[in-house]
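Hi,

Here's the structure I promised to pass on.

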Amino acid sequence: MIRPLHDRIAVVPDIWRDDVTAMGIIVRANEKIGTSQLQLGRAGTVVAIGPDVDREQLKPGDRVLFGEWEYPETHQDGQRYLLMQDADIVGVVEA
């Protein structure tokens, strides 16, 4: 398991954005107006949080929405993670 530092968060996205060019440009030809954030792959599950993250606002297991920009990616124990700051989370999906 990965242990984020400071205000970082490890997220496993619902859908991996593999439609990115080598220069980091996101190809959006397949997106449609009116498609929800969840369908566009900008949603995922928090798996770990750093010590400076407000635990009343965000905790492991939360389903979250995050911005569409690029985040550092890491691999550990066969799992892929995105690492982002807590400020990159734009909302928590509540059931």
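The protein chain has an accessible surface of about 6,200 Å², with 53% of that belonging to carbon and sulfur atoms (areas by the Shrake-Rupley method with a 1.4 Å probe; for residues, only the protein chains shown count as cover). Bear in mind that this is a predicted model, where local features need pLDDT of at least 70, side-chain atom pairs count only at pLDDT 80 or more, and totals for chains, interfaces and linings use all residues. Residues are numbered from 1 along each chain as its sequence is written, and side-chain values use heavy atoms, with hydrogens and water left out.

Of the 95 residues in the protein chain, 31% count as buried (under 20% relative accessible area, with exposed meaning over 50% and partly exposed in between; 1.4 Å probe, protein chains only).

On secondary structure, the protein chain has six strands and zero helices (DSSP runs numbered from the N terminus: E, at least two residues, for strands; H or I, at least four, for helices). Taking contacts (heavy atoms within 4.5 Å) between residues at least 6 apart in sequence, 64% join residues at least 24 apart.

Strand S1 is mostly covered, with five of its six residues buried. S1 runs antiparallel to S5, joined by four bridges, and antiparallel to S2, joined by five (strands pair if DSSP finds at least two bridges between them). Ala-10 sits opposite Leu-83 in S5, while Val-12 has Thr-45 in S2 as its bridge partner.

Now the inside. The largest nonpolar core has 12 residues, including Ile-9, Val-11, Val-46, Ile-49, Phe-66 and Tyr-71 (a core being a set of buried Ala, Val, Leu, Ile, Met, Phe, Trp, Tyr and Cys residues joined through side-chain atoms within 4.5 Å). The elements giving two or more residues to this core are S1 (8-13), S2 (43-49), S3 (63-66) and S5 (79-85). Apart from it lies another core of five residues, among them Ile-2, Ala-10, Val-12 and Tyr-81.

Which residues does Ile-49 touch, leaving aside those up to four places away in sequence? They are Pro-4, Arg-8, Ile-9, Arg-55, Leu-58, Lys-59 and Pro-60.

Lastly, there is one aromatic pair (ring centres of Phe, Tyr or Trp, its six-membered ring, within 6.5 Å; planes under 30 degrees apart are stacked, over 60 edge-to-face, the rest tilted). The rings of Phe-66 and Tyr-71 have centres 5.7 Å apart and planes at 80°, so the pair is edge-to-face. Phe-66 counts as buried at 5% relative accessibility, and Tyr-71 does at 10%.

Cheers
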